[in-house]
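I opened the notebook to record what I looked up in this entry. The notes follow the order in which I checked things.

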Amino acid sequence: MTDALNATPQLKSEILMQALPHMLRYDDTIVVVKYGGHAMGDEQKARDFAKDMVLLEQSGINPVVVHGGGPQIGSMLKKLGIESHFSGGLRVTDKPTIEIVEMVLAGSINKSIVGQINAEGGRAVGLCGKDGNMVTARKVTRSHNAGPDEDVVDLGFVGEPEKVDMTVLEQILGRELIPVLAPVAQGADGQTYNVNADTFAGAIAGALGAKRLLFLTDVPGVLDKNKNLIKELRIDDIRGLIADGVITGGMIPKVETCIYALEKGVEGVVILDGKIPHAVLIELLTDHGAGTLITR
Ligand SMILES: Nc1ncnc2c1ncn2[C@@H]1O[C@H](COP(=O)(O)OP(=O)(O)OP(=O)(O)O)[C@@H](O)[C@H]1O
Ligand SMILES: [Mg+2]
């Protein structure tokens with residue numbers, strides 16, 4: 001930081017000019033940024049993230065933020081003494097749990113991100129999938145050991161996007177407003193569903209025809225079996241990595257969403273470490289790629 005402040009005016013202007021080709025490339029396009037609950041670090045990191053969103057918006061790029069909140073939901077449930085169970089990496093969401101999920105995701109986390117973006121000079125609008133029927137969910141059914149003795153697990157109020165209606169987002173985009181979306185949606189049955197934030201972000205990116213979908217997480221990107229960063233991946237490589245057990249846990253919905261979004265026409269998906277200061281700017285506005293770039 002101090003190095004940048006001490007740079008000569010000439011050097012500073014050269015650095016700014018280096019962003020120009022990138023700004024032109026993304027001008028007027030939509031970039032969906034999934035801000036993982038695990039990537040939300042301390043206050044300084046949150047400020048850096050908010051500044052990045054405002055800078056993108058001021059550069060003529062339309063950022064759409066979709067946030068997670070697993071750790072924050074976990075700590076609120078603990079505070080309230082509500083027990084959590086997991087099945088295959090997904091939280092079993094019963095009635096008391098879905099109430100807390102909605103309260104934390106569409107309430108405190110969503111409003112805190114909106115507030116941070118506003119504090120940096122932006123104008124953020126916080127919504128969830130219910131607003132304007134943006135995302136309608138259907139209940140997820142998961143089974144373990146698919147086969148003759150298939151064991152169907154009821155995950156409760158865990159949903160997946162069934163229908164996406166972009167009416168509300170179309171009113172917001174291109175008007176210097178930054179949408180911040182919580183992955184909570186309503187089912188055709190009127191129920192509230194908890195949707196995995198990665199899946200939600202993919203549905204939004206696909207429906208909006210986003211140029212880029214960025215996943216900010218807590219690892220440098222997709223790691224190989226020796227824990228080295230894989231810089232570029234194609235859809236076909238992903239299937240092999242899942243089959244070989246290299247990609248597991250929370251990385252599975254992420255890469256599955258990558259495949260979905262790419263097939264829907266999103267040009268490229270990047271999985272990157274959201275704890276690196278200004279990770280989004282480095283990825284979009286400099287010559288340096290960050291994380292793993294996944295293309296068709
Ligand atoms: N091959 C892999 N490369 C990198 N990470 C992997 C791999 N396989 C599994 N993972 C795990 O996936 C995790 C990232 O997903 P996770 O769901 O925990 O975070 P998130 O999606 O960023 O946050 P949230 O779910 O709260 O929104 C990593 O921390 C890592 O433990
Ligand atoms: Mg996750």
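In which sense do β12 and strand β14 pair, and over how many bridges? I found that β12 and β14 (residues 292-295) pair in the parallel sense, over 3 bridges. The model is a predicted one, and I read every entry below with that in mind.

**Sheet**

I then traced the sheet that holds this pair. It is an open sheet of 8 strands, with mixed pairing, and I wrote down the order as β5-β8-β2-β1-β11-β13-β14-β12. The edge strands are β5 (124-128) and β12 (232-234), and each of them pairs on one side only.

Next I asked which strands helix α4 (residues 43-58) lies across. I noted β1 (30-35), β2 (62-67) and β8 (178-182), with α4 running at about 150 degrees to β2.

I followed α4 to its contact with α6. The two axes come within 8 Å and cross at roughly 65 degrees, and the crossing is right-handed. From α4 I listed Ala 46, Arg 47, Ala 50, Met 53 and Val 54 as making the contact, and from α6 Gln 116, Ile 117 and Ala 119. By class I have 6 nonpolar residues, 1 polar and 1 charged in the contact of α4 with α6.

**Helices α5 and α6**

I stayed with α6 (residues 95-119) and checked helix α5 (residues 70-79): their axes come within 10 Å and cross at roughly 125 degrees. At that angle, α5 and α6 are therefore oblique to each other. I recorded the crossing of α5 past α6 as right-handed. On the α5 side I found Gln 72, Ile 73, Met 76 and Leu 77, which meet Thr 97, Ile 100, Val 101, Val 104 and Ile 109 in α6. The contact of α5 with α6 counts 7 nonpolar and 2 polar residues, with no charged ones.

**Helices α9 and α10**

How do the axes of helix α9 and helix α10 cross? I have α9 as residues 235-243 and α10 as residues 251-263, with axes that come within 10 Å and cross at roughly 155 degrees. Angles over 145 degrees count as roughly antiparallel, and α9 and α10 are therefore roughly antiparallel to each other. Here α9 passes α10 in a left-handed crossing. Ile 235, Ile 238 and Ile 242 in α9 meet Ile 252, Val 255, Cys 258, Ile 259 and Leu 262 in α10. I divided the residues of this contact by class and got 8 nonpolar, no polar and no charged.

**Ligand 1**

Last, I asked which residues come nearest to ligand 1. Of the 19 residues around ligand 1, I noted Gly 36, Gly 37, Gly 68, Thr 217 and Gly 250 as the nearest. The shell around ligand 1 splits into 8 nonpolar, 9 polar and 2 charged residues.

Notes. Residues are numbered from 1 along each chain as its sequence is written. Chains are lettered from A and ligands numbered from 1 in the order in which they are written. This is a predicted model: local features need pLDDT of at least 70, side-chain atom pairs count only at pLDDT 80 or more; totals for chains, interfaces and linings use all residues. Axes are lines fitted to C-alpha atoms, for helices over the stretch in contact, and angles run from 0 to 180 degrees between N-to-C directions. Helices (H or I, at least four residues) and strands (E, at least two) are DSSP runs, numbered from the N terminus. Angles under 35 degrees count as roughly parallel, over 145 as roughly antiparallel, 65 to 115 as roughly perpendicular and the rest as oblique. A crossing is left-handed if the near helix is turned anticlockwise from the far one by less than a right angle, and right-handed if clockwise. Two residues are in contact if their C-beta atoms, placed from the backbone, lie within 7 Å. Ala, Val, Leu, Ile, Met, Phe, Trp, Tyr, Cys and Pro count as nonpolar, Asp, Glu, Lys and Arg as charged, and the others, Gly among them, as polar. A residue is near a molecule or strand if its C-beta atom, placed from the backbone, lies within 6 Å of it. Two strands pair if DSSP finds at least two bridges between them.
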